Amino acid sequence: YEIVSRLYSALVSTIQSSRKIDSEYGNSKVTTVAHALSRIIKSGGPTAILAFHKMSVRDDTGNDLIKALTVNSTGDTGNGLGMEEMSALLLPEKREEYRSQADCAEKLSHSILPHLLHAYSSDSVDIKQIEKIASRASQVLPPLSDWDGVELCTLLPVLSVALSSKIVVRNESLRTLTNILPDLVDYAMNGEVLAASRATAASCVFSIVALYQDNAIECIGLALLRNQIFPIIVGCFAAEDKSSDTEKPKALLDAMNLAAMIASAASVRGGNSAITADEVARFFALVACEGAVSAPALGVIAPLDCIVDNRRQRNIEISTFAATALGSLLSVNGSPFAKQRLAHGILPIVLSSLQIMRSSRIASSDIGSLLCVCHIICCVSVKALGQEKLENLALAIVHGLERVLEELVSGDESNLTKLEIVDQLISLLLAALVKLYNQSLSSIITHLGTIVPSLLLITLKMDKVENAPPNLLALQFLLTMAHSTDNGIVHFCKAYKSTVLKHLAQALDNPSSQVRRSAVKAANIWSLIE
């Protein structure tokens, strides 16, 4: 207790001193003390964490550490400026001074909090302290000054970690949390706010929607989606030319990602909220696979489409945004049964789009469907999908990988080769194949004659450092095959041994050291096959 007490007091006083001089040396000293305190808390067990929280609430004036981080060097607190003195209304010279102080305070906060946030996920955290932090956050949301932003940079990370640990709060605090949700959503969508602060606001939204709602009321996440998120999505779809405004794609991507987070929170909550998650998953699947959608339950009455005006071609960027958001929704660590529910809700849409992908060459409009297939395979238990559906998905993955690679190595400057998402798609296709091999070999064993040449093509043609992920996945698949005791796999490996070793010899010159090590390991195992 004495060590924690001294370090805590030293940290607060060092922060106060550093804030007055704004020097790099002072910031470095603060970080050193914070790191030392963090090590004591982590290794000292429950007693050290309890001592930390006791130091934080020694009186009713608030948390000394948070106050030290959010008090500006002139003595005003984050909201100490009156309405007539808000930073937006200051003279240019004074406003520049306040902005500089605020930037330094934010930088200091971001350097210290990562060392100490783990203490707020403990059962020893004082509930009243967290309730005070929530109450204070409600007072400075939405931020009206630079110093309100500084305070939120400190309050929201602490609140996010505490809420995710499922603390029990009083009904009054529950109302406070639900009341600040709209402001938290606006803050998370504000492109002018630091990405780290927006992420913590989104994390708070997730925890409140998933864990801190009154079970008697309808899903509050649905109201957030209808009133704040989907109007932005509809506005981006309604743009006269979806390919011209550089700000629209960024706003659309942010809105879809936040919608996915809220929907995943609704799925975690379960009950009637699961219907909200189903609707959002269906929306993303339709946009990604078909390029057109309507969703009255989410406030999207008029049909939306991804068609770029004057060319009548689908906007691939929007489709990939939707597929990526669907992956985020499915990847949340919730109930496996909730994931199965979501997957079975969107599988008819995905399988229907796969029926169209029968041409010899893959079109850029197929990217969304392939991404959806990969996310379903990677995030959901394959046993829950059913053998027939699983075989159709596996076939789409095998043929999709083959055709994407054909486009890349053909040298043809097609629209597909220009897409930045293609490298990510190849990695996802390989990750899905690795999972299928390990968990449902029967669904792909008949396609090994197509899969292995595709893997060897990756090791041969994708020979840049940035292509390390697909190379590592391809080598992992080959390594797993060589270890197999299945008679069919062993026979196949014997037939392909010389070809595989020839290509692996070229992979030994890959610029990535990780790829070279994996290639050596794979070559050694394949050379032992008799």
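The following dialogue examines how terms are applied to a predicted model.

Modeller: Local features in this predicted model need pLDDT of at least 70, side-chain atom pairs count only at pLDDT 80 or more, and totals for chains, interfaces and linings use all residues. Residues are numbered from 1 along each chain as its sequence is written, and side-chain values use heavy atoms, with hydrogens and water left out.

Biologist: What does the secondary structure of the protein come to?

Modeller: The protein has 22 helices and 4 strands; helices (H or I, at least four residues) and strands (E, at least two) are DSSP runs, numbered from the N terminus.

Biologist: Why does Cys-372 count as buried?

Modeller: Buried means under 20% relative accessible area, exposed over 50%, and partly exposed in between, with a 1.4 Å probe and protein chains only. Cys-372 has 0% relative accessibility and therefore counts as buried. Cys-493 is at 2%, so Cys-493 counts as buried. Of the 530 residues of the protein, 51% count as buried.

Biologist: What makes the count of disulfides come to 0, and how far from Cys-372 is the nearest cysteine sulfur?

Modeller: A disulfide is a pair of cysteine sulfur atoms within 2.5 Å, and by this rule the count is 0. For Cys-372, the nearest cysteine sulfur is that of Cys-289, 4.0 Å away, and Cys-372 is in no disulfide.

Biologist: How are helices H13 and H14 packed?

Modeller: Helix H13 (residues 273-289) and helix H14 (residues 316-331) pack at about 145°, their axes being 7 Å apart. Axes are lines fitted to C-alpha atoms, for helices over the stretch in contact, and angles run from 0 to 180 degrees between N-to-C directions. The contact (heavy atoms within 4.5 Å) includes Phe-284 and Val-287 of H13 and Ile-318 and Leu-326 of H14.

Biologist: How many residues of that contact are nonpolar, polar or charged?

Modeller: Ala, Val, Leu, Ile, Met, Phe, Trp, Tyr, Cys and Pro count as nonpolar, Asp, Glu, Lys and Arg as charged, and the others, Gly among them, as polar. The contact of H13 with H14 accordingly has 11 nonpolar residues, 1 polar and no charged.

Biologist: What are the angle and axis distance for H7 and H10?

Modeller: Helix H7 (residues 146-164) and helix H10 (residues 195-211) pack at about 35°, with axes 9 Å apart. Among the residues in contact are Cys-153 and Leu-156 of H7 and Cys-204 and Ile-208 of H10. By class, 9 are nonpolar, 6 polar and none charged.
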